[in-house]
Amino acid sequence: MMRVPSVRAYRVAETIAVVKFLTDFDPEYGSSVTAAPGIRRLVCPNPGPFTFTGTGTYAITSDVGAVIIDPGPDHVGHLSAAAVMAGSRPVAAVLVTHRHADHAGGARAFADRVEAPVLAAAWSTTEQSAPHPKTAESWEDGDGIGVENVGDATHFARSDEAVVDLPADRYLSDRDILNIGGLELEVVATPGHIRDHVCFVWRRGGAVFSGDHVMGWSTSVLPPPHGHLEDYLRSLKRIGEFGDLTFFPTHGPPIPHAGDYVEELYAHRMMRTSQILDALSRGDGTIEQIVRQIYVAINPLLIPAACLSVWAHLEMLVDQNVVVVVDGLVPTLTSRYRLST
Ligand SMILES: [Zn+2]
């Protein structure tokens, strides 16, 4: 169990945490490139607000076979090119980091095409990663503040970030060791961005396939109802154990020696938490009021995303009894919040 931080612990974190993003990435659509020895990458032409330049599908190859990680959306041209990327080697398995449509929408069609099994974590009900009903409930009737903004966020969240129904041929668990296609890969469960998220570690190649858990171009969104900040922070600590390796996110460029970057992501969330507590120390507040205080000069188009981020923090702080909801039982987008006494 992660230790529950006290208010004092958050105050200590009150420094300006700067995340040094990596955005220099200009993929050529339709043809794969060598990303590192034994690793090829093909980017799908589905750029967007959650996908950056598009979904990066990876092939890891050995002398005897290949595995494909995140085939991507159900995009015929991309899936055809991904099949070519494996070359003449048989595809031993199709691995899926999580069930968002931009990663897994084409997984079953691709697996059938290359006659390989789909391997993914179970979309199951463990205590740690079960959906959070209070969030789901308030997401569904997310009216009130900035209705149109929330609507926009809903739209985004339900396109690329929609969850697909993907039964796996084999279900993965944390710390599983996969011996497939002449390769040895380790499974690391990383819930937070979504409950079924896993990363894949290929130690021999010095690589971590980090999905949407750690990306160089952006912080991860934690979309309701399946995103969860405390799980995400715990998963950052977990994947940080592999910080001397190069991370290959599904979107954007690789992150060499990613450990420092993972710490920056963690510090950034601690800073936000600290800012939210500071805002509430000046009096009760709604999410919208908090956003306007702590996101200085924010582009209005980003306000819905900021509201969702602050909401994720408040949900965690309410769980930890650091903050209470003034006008209801559960933390919603429209609730008033105050510090607990
Ligand atoms: Zn995702």
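**Entry 1: the end of helix 8.** I am working with a predicted model.

**Entry 2: the length of helix 8.** Next I checked the span of helix 8, which covers residues 259–281.

**Entry 3: burial in helix 8.** I then asked which residues of helix 8 are buried. The list I got is Tyr261, Val262, Leu265, Arg269, Arg272, Thr273, Ser274, Ile276 and Leu280.

**Entry 4: helix 4.** I moved to residues 107–114, helix 4, where Ala107, Arg108, Phe110 and Ala111 are buried. Looking down the axis of helix 4, I see its buried residues fall within an arc of 165°, so they line one face of the helix. A reminder to myself: an α-helix has 3.6 residues a turn, so residues three or four places apart point the same way.

What covers the buried residues of helix 4? The cover includes helix 2 (76–85), strand 5 (91–95), helix 3 (101–104) and strand 6 (118–121). After helix 4 comes Glu115, and I noted its positive phi, near 55°.

**Entry 5: strands 11 and 12.** Last, I looked at how strand 11 (residues 207–211) meets strand 12 (residues 246–249): they run parallel and are joined by four bridges. Ala207 has Thr246 of strand 12 opposite it. I followed the chain from strand 11 through helix 7 (residues 229–240) to strand 12, a β-α-β crossover that is right-handed.

Technical notes. Residues are numbered from 1 along each chain as its sequence is written. This is a predicted model: local features need pLDDT of at least 70, side-chain atom pairs count only at pLDDT 80 or more; totals for chains, interfaces and linings use all residues. A residue is buried if 20 or more other C-beta atoms lie within 10 Å of its own, exposed if 12 or fewer, and partly exposed in between; C-beta atoms are placed from the backbone. Helices (H or I, at least four residues) and strands (E, at least two) are DSSP runs, numbered from the N terminus. The arc is that of the directions from the helix axis to the C-beta atoms. Two residues are in contact if their C-beta atoms, placed from the backbone, lie within 7 Å. Two strands pair if DSSP finds at least two bridges between them. A crossover is right-handed if, with the strands pointing away from the viewer, the path from the first strand over the helix to the second runs clockwise. The expected span of a helix is 1.5 Å times one less than its number of residues.
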